[in-house]
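Colleague: I have a new model to look at and I am still learning how to read one. Could we go through it together?

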Amino acid sequence: MTSAQMDDLIVIENLDFAHSYGAHQVYKGLSLRIPRGKITAIMGPSGIGKTTLLRLIGGQLKPQRGTIEFAGYNIPELSRSHLYEQRKRMSMLFQSGALFTDMSVYDNIAFPLREHSKLSEEIIETIVLMKLEAVGLRGARHLMPAELSGGMARRAALARAIALDPELIMYDEPFAGQDPISMGVIVKLIKSLNNSLGLTSVVVTHDVAEVLTIADKVVIIADKKVVAEGSPEELKNSDDPLIHQFLSGEADGPVPFHYRAPSLAEEILGAQQGESHAG
Amino acid sequence: MLDRIAGLGKAVLDSIAGAGQAMVMLLRALIGKPQLRKSWPLLMQQMYSVGVLSLIIIVVSGLFIGMVLGLQGYTILVDFGAEQSLGPMVALSLLRELGPVVTALLFAGRAGSALTAEIGLMKATEQLSSLEMMAVDPLRRVISPRFWAGFYSMPLLALIFSAVGIYGGYLVGVRWLGVDDGAFWSVMQANVEWGQDILNGIIKSLVFAFVVTWIALHKGYHCVPTSVGISRATTSTVVTASLAVLGLDFVLTALMFG
């Protein structure tokens, strides 16, 4: 293993993936490296399958071809029990937070600890309070998830995600639907948790401005593969029209505004012709 | 025409695939070394929400069905001067048929739909995915306790249903219409057998419990995780489970009493 490989926590090579229920190919020949201890932002137009990528890394979906190595283990080939072992080293913050609605905030965060450790309740309480302190919700421990605002729910879910001190944390659209203040809070949390806990963070998002302030590496996915990667500065200075369109948020460009369709003129005239035939 | 044949073929294939999925789900949920310390509190919690919370509808329905049986039975039997047989008539109809079947139908509507909707929503809100990402098998954690809770509680509910129903028959037949108290109970005792009547009723109820709970869990676990998908799955649970109960009841009756 070369030193470059050792610095990558996740190495994806030549990944092909299509959902079993549709012929639509999501990825074709995607290759990607996630450096250890850094924040990697994965960006791309919506509907490109960014969440799918996280599920592939987590082993919830299996690719048709290619390898996904997490810390040297090829995730798609692991048996169920080995996969579960590796999943204890990673965690994922879902877009909705995915807190268990039948448990209080405290029990939600204690849940992974109670499942996977044999710690006593006193120690679990200490850990839970520490994690809640880190996200600023120590006072909200007795609330039920339904009583939390969207931003608070996401922070509580973040506390749960770091409960077992994972090596990797994957954020699925952490900024979506957040007001500017809680967005700022989450940006700050991602950065500070990454630095203080020595995590590797993967942030899937299309909120360009927020993520560029904290990312060490940016990967842009479009058209079933990685189209650009580099540090935020490199991408900002790039003159590739696609990167430019994406980072500056222009409506039309290499990524078209319109969903695939015949031109409007053709469609309207075609319909008129059809009607005149019918008449 | 060809499209219709293809559509029919697809429907058949889909239903076979669905049955396979349901089978795999159940096997994976139930097989594995039991972890009593963790699963006991989960089971108790589910017994409460599936079983205890269904008690009211079961008791009320049982009482009314028993009362109707008493009334209808009396008006027919009295023509033949056989109103002493009201006791066994009420008891046998309840223990053999109405207890297990009506309980299963009510259970499908009350608890089955709740199970499907709950699990469907857990899926839609990514709670199941997040369990998996936390290396906790949702089949063991979510499906398995709910399955056992349904399996254990339905036969108990059916017995309660029958007991309350017999009391309802007694109220109408003896207290209201004046059938002899001693005859009502003693003729019932003489005619109801443990093995043939009570045990067969319990076996029926166990089969229904297995099928209804299984269908409800499968529909929830494999639903399309949208609001339309969950509502369809919930409806489908009630319809499929009710039809399965009625169909199986005929088969079981033929095997047991035919």
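Predicted model: local features only at pLDDT ≥ 70, side-chain atom pairs only at ≥ 80, totals over all residues.

Colleague: Which residues of chain B does UniProt list as "transmembrane region"?

Modeller: The listing comes from an unreviewed UniProt entry. In the model, one of the listed spans, residues 52–78 of chain B, is 85% helix, and its end C-alpha atoms lie 38 Å apart. Another, residues 156–178 of chain B, is 91% helix with its end C-alpha atoms 31 Å apart.

Colleague: At what angle do helix 3 and helix 4 of chain B cross?

Modeller: Two packed helices are described by the angle between their axes and the distance between the axes. Helix 3 (residues 55–77) and helix 4 (residues 86–124) of chain B have axes that come within 10 Å, and their crossing is right-handed. Their contact involves 13 nonpolar, five polar and one charged residues. The crossing angle of these two helices of chain B is roughly 145°.

Colleague: Which residues of helix 7 of chain B make the contact with helix 6 of chain B?

Modeller: The axes of helix 6 (residues 138–176) and helix 7 (residues 181–191) of chain B come within 10 Å and cross at roughly 145°. By class, this contact has six nonpolar, one polar and one charged residues. Helix 6 of chain B brings B:Ile166, B:Gly169, B:Tyr170 and B:Val174. From helix 7 of chain B come B:Asp181, B:Phe184, B:Trp185 and B:Met188.

Colleague: What is the area buried between chain B and chain A?

Modeller: The size of an interface is often given as the accessible area lost when the parts come together. Here 17 residues from chain B and 26 residues from chain A take part in the contact. Carbon and sulfur atoms give 52% of the buried area, which is about 1900 Å².

Colleague: How many salt bridges does the rule find across the interface of chain B and chain A?

Modeller: In one salt bridge, the side chains of B:Glu132 and A:Arg87 meet at 3.6 Å, N to O. Across the interface of chain B and chain A, the number of salt bridges found is five.

Conventions. Residues numbered from 1 in each chain as written. Chains lettered and ligands numbered in written order. Heavy atoms only, no water. UniProt positions renumbered as here; feature names shortened; annotations may be inferred. Helix = DSSP H or I, 4+ residues; strand = E, 2+ residues; numbered from the N terminus. Axes fitted to C-alpha atoms, helices over the stretch in contact; angles between N-to-C directions. Contact = heavy atoms within 4.5 Å. Nonpolar A, V, L, I, M, F, W, Y, C, P; charged D, E, K, R; others polar. Buried area = accessible area lost by both parts, 1.4 Å probe. Salt bridge = Lys/Arg side-chain N within 4 Å of Asp/Glu carboxyl O. Left-handed = near helix turned anticlockwise from the far one by under 90°.
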